Structure formats: structure tokens, C-alpha cells
Amino acid sequence: MSRPCGQRPVMETGEGTEETPLPLALTRFQLSEEYGFLLPHPLTELPAPYGPWMEIAHDLPQLIASHRLRSQVHQMPQLSTRHLRGREELHLAHLVLSFITMGYIWQEGEEGSVKVLPRNLAIPFWEVSQALGLPPILSHADFVLANWRRKDPNGSLEIENLDTIISLPGGESLRGFILVTFLVEKAAVPGIKAIVRAIRAILQLDEETLQQALQELAEAIGDMSKALKRMHDYVDPAVFYAVIRIFLSGWKDNPAMPQGLVYEGVSEEPMAYSGGSAAQSTVLHAFDEFLGIRHSGESNAFLHRMRDYMPPPHRAFVEEIRRAPSLKQHVLSSGDAGLCAAFNRCVSALADFRSYHITIVTKYITIAAAKAKAGRAEPGDGAGPSAGKPPSALETKGTGGSHIFSFLKSVRDTTREGTISV
């Protein structure tokens, strides 16, 4: 419910703090001034002992298309993870092992999924995951944040000069899907920095800086929407739906793998993890906490579960914003019409971004599913084994396992309700 500007609110639980928190410093949370949540300058090669992993990872689309990936994995040596040094090597190892795992599970489509991940893949994947505090499955942190490189090292961050490090079936459409999402993350960076400035401004009662920071945040969210629109130019809906989507699917809330997955040598009991999802991007969680947007019921529970798929320092950043003095309360108490308007512009921009995301999902899942069912879809470049029969288990769900439209609309609507009536 929106509240009139100038009406002092009752303190809501979980908002505000008694003591003044330490100023938010991006570096404390492994965030970068230039790249935000993106991993700056990811490594593209692991040390020599990990050659067997890299060899398979660089050939994944071909190995999957020729149904040879599983046999290659079975021949892979059991490698120790103790030679991996530092965060960058661990992130590349997680990226490589997560892509190999997704290919291994889904090589034969959803009807040919496996129940056990072999120990020579499961044990190192588990160990690297534990070291990073990430789950042993492909997540947004791998797929986008750590999976980019410049073609020309001195060139710009335009999509023409970018490429992925590791790929899966889907050819140019997969590359486009990853890199457009990268550009959305990059567009968010001024907004992340604006949040830090805004929280400091609230603590210092500096209304002018606060209003300027809110203006920067609204502009950044608008730029994220512009970046997302480029999906149409780079991603073919038929390829996304019939080829790419299955490789992002997890083994939690997925009828194709109701029991989950046994990680051999790690646990005898199967474990369930959600697939990759935009809900795993820390950006929107940070914006929601800062703007005081409270999602409801199942949507809120799903979003909070997705935080377990973020690198722990990024999760801690969201928590720090939650503990900071409440922006919404500050704006309401101020009675400043200009500040209320600036706040509302941020909320509206975020609701617009979420509405546009619904438009994208409609095109790439709902319409693509209808066309695939009607037999009109013709997957193009680099199509994998699942091209012939599009996955049906997740037809109405996102790859993270949420009931996609009810979730997206609920989240968009609660965002809209976050405005302040002036």
C-alpha cells in the first residue's frame, strides 16, 4: 500500500537499525566500481593439471550434439582441487564443472536424464562449490558473472567485442542470451553505486545528494531495460525454448528429475538444486531491499531461496542494505515532494523493468512453446539433442523451478505497490 508523503510511518520489523552501520564499501563485498557484481577480468584457462576439464569444456556443444559427452566424462581422470589458487581460479573451475555437469545430465534430453553424477565430476565440483559457498549446479554467478571475455583485450564492452568463455548447445543464440544478460548487469553498476551514496546521504541527512543518487538509480534501471531489449536482436526464441532452456534446468521442483541427483562420493542421498534463474541476480534483490519492496508469500519465499545461489559476499551486501536505515521511512518522514517523486521514479522504473521481463518471457517461452507444439519451430544454429523434442517438464515453469507467470506478475505488482502517494 502506498502511504502519503509526509506521514511518519510506524517502524516496520526488520527495517532500520539502532546503531549507525559502517559505510557500505563495495570492495568489502567483492563488488567492483567498474563491473558491479560481474567478476572483473575472469580467467579463461586453468592451470595445466586441469587440462582434462578444459579440453571437455571447450568442446561441449560438439560432444553433446554427437552424444559423446557422457563417455568422455567417464574417461576423465579424478583430479584433486588442491592446485586451484585464489578466487578467480575457483570461479573458472566452478564455471567449467557446472557446464560439464549440465551437459552430462541433459545430453539425451529430459527423458534421458541420469540419477547419478559420477565421482570424478561430483567430488571436485562439490569441493569447489564448498570453497566458494556456491551450490554444485550452474547458477547465474557462473553462467553470466564469470563467463565473459573481451575479444580485443583493449577494446570496449560492446557485445561485438565480447564472447563467452564456456558454451553449451545453442550457438549464437546462447552467446547472445549470456552476453545480453551481462549487459543488463553492467547497466546496473551506476545504480549499485547510487545505493551506496544514498545510504551515506541518509546517515548524513544530505537531502540533495540523496535526491541525486535516486535520480542515478532510476536512470540505471532504465538503462537495464534498454539492455534487455537487445535480447530480440541476438536470441532466436525457437532455439532458446527447444535447445538452450533444458541445459539451464535443475533438479529441484522439476518433474523430469523428481528424486534430485546423487553426487557420487559426496552423499548416498540425492540432493535437489534449482536451475539457473534471473532471480539469482543480486542486482534486483539489492534494489528491492533499498526501496523497501516487500514481496508476498510464495514469491518472497522463492526469491529468498535464490539468495543461496549467490556468492556469499553478494548475499551479504543485500543483507547490509536491509539493515541500513530505511530509505522509504526517511522519504515519508521528510515530507519533501521532490524526494518522494525521485523515490517513485525508481520504483516505477523497477516495475517497468519487471513488466518488460514478462514480455520477454512471453515471447521466449509461452509463444515459443505454442509454436513448438504446433511443429512450426525450426531450431537453427548449433541445435543440440533436445532440438527434436522440446522439453515439456518445465513448460509453465522458469528454469529455477518457479511457476513463471504467477511469480513474475506477483513480483511486478508488489513492486508497483511500493510507490508513495504524493
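Predicted model: local features only at pLDDT ≥ 70, side-chain atom pairs only at ≥ 80, totals over all residues.
Residues are numbered from 1 along each chain as its sequence is written, and side-chain values use heavy atoms, with hydrogens and water left out.

The chain has 16 helices and four strands; helices (H or I, at least four residues) and strands (E, at least two) are DSSP runs, numbered from the N terminus. Of the 422 residues in the chain, 56% are buried. Here buried means under 20% relative accessible area, exposed means over 50%, and partly exposed lies in between, with a 1.4 Å probe and protein chains only. Among contacts (heavy atoms within 4.5 Å) in the chain between residues at least 6 apart in sequence, 81% join residues at least 24 apart.

The largest nonpolar core holds 140 residues, of which W251, F287, F290, L291 and F317 touch the most other members. Such a core is a set of buried Ala, Val, Leu, Ile, Met, Phe, Trp, Tyr and Cys residues joined through side-chain atoms within 4.5 Å. Not counting residues up to four places away in sequence, F290 touches I195, A198, I199, L214, L217, I321 and L327.

Two packed helices are described by the angle between their axes and the distance between the axes. Axes are lines fitted to C-alpha atoms, for helices over the stretch in contact, and angles run from 0 to 180 degrees between N-to-C directions. Helix α11 (residues 282-291) packs with helix α13 (residues 312-323) at an angle of about 10°, their axes being 8 Å apart. The two helices α11 and α13 are therefore roughly parallel to each other; angles under 35 degrees count as roughly parallel, over 145 as roughly antiparallel, 65 to 115 as roughly perpendicular and the rest as oblique. In this pair, T282, H285, A286, E289 and F290 of α11 meet H314, F317, V318, I321 and R322 of α13. The contact of α11 with α13 comprises five nonpolar, three polar and two charged residues. Ala, Val, Leu, Ile, Met, Phe, Trp, Tyr, Cys and Pro count as nonpolar, Asp, Glu, Lys and Arg as charged, and the others, Gly among them, as polar.

Helix α15 (residues 337-373) and helix α16 (residues 404-416) have axes that come within 8 Å and cross at roughly 165°. That angle makes α15 roughly antiparallel to α16. The contact of α15 with α16 has 10 nonpolar, five polar and four charged residues.

Helix α14 (residues 327-334) also packs with α15, at an angle of about 150° and with the axes 8 Å apart. Their contact is made by L327, K328, H330, V331 and S334 of α14 and L339, C340 and F343 of α15.

Some single residues deserve attention. L43 is found in the segment before α1 (51-57) and, at 32% relative accessibility, counts as partly exposed. L43 and W148 are 105 residues apart in sequence and 9.2 Å apart in space, C-alpha to C-alpha. Q30 also lies in the segment before α1 and has a positive phi of about 55° although it is not a glycine. L205, in the loop between α7 (171-203) and α8 (207-228), is a residue other than glycine with a positive phi near 55°. At 65% relative accessibility, L205 counts as exposed.
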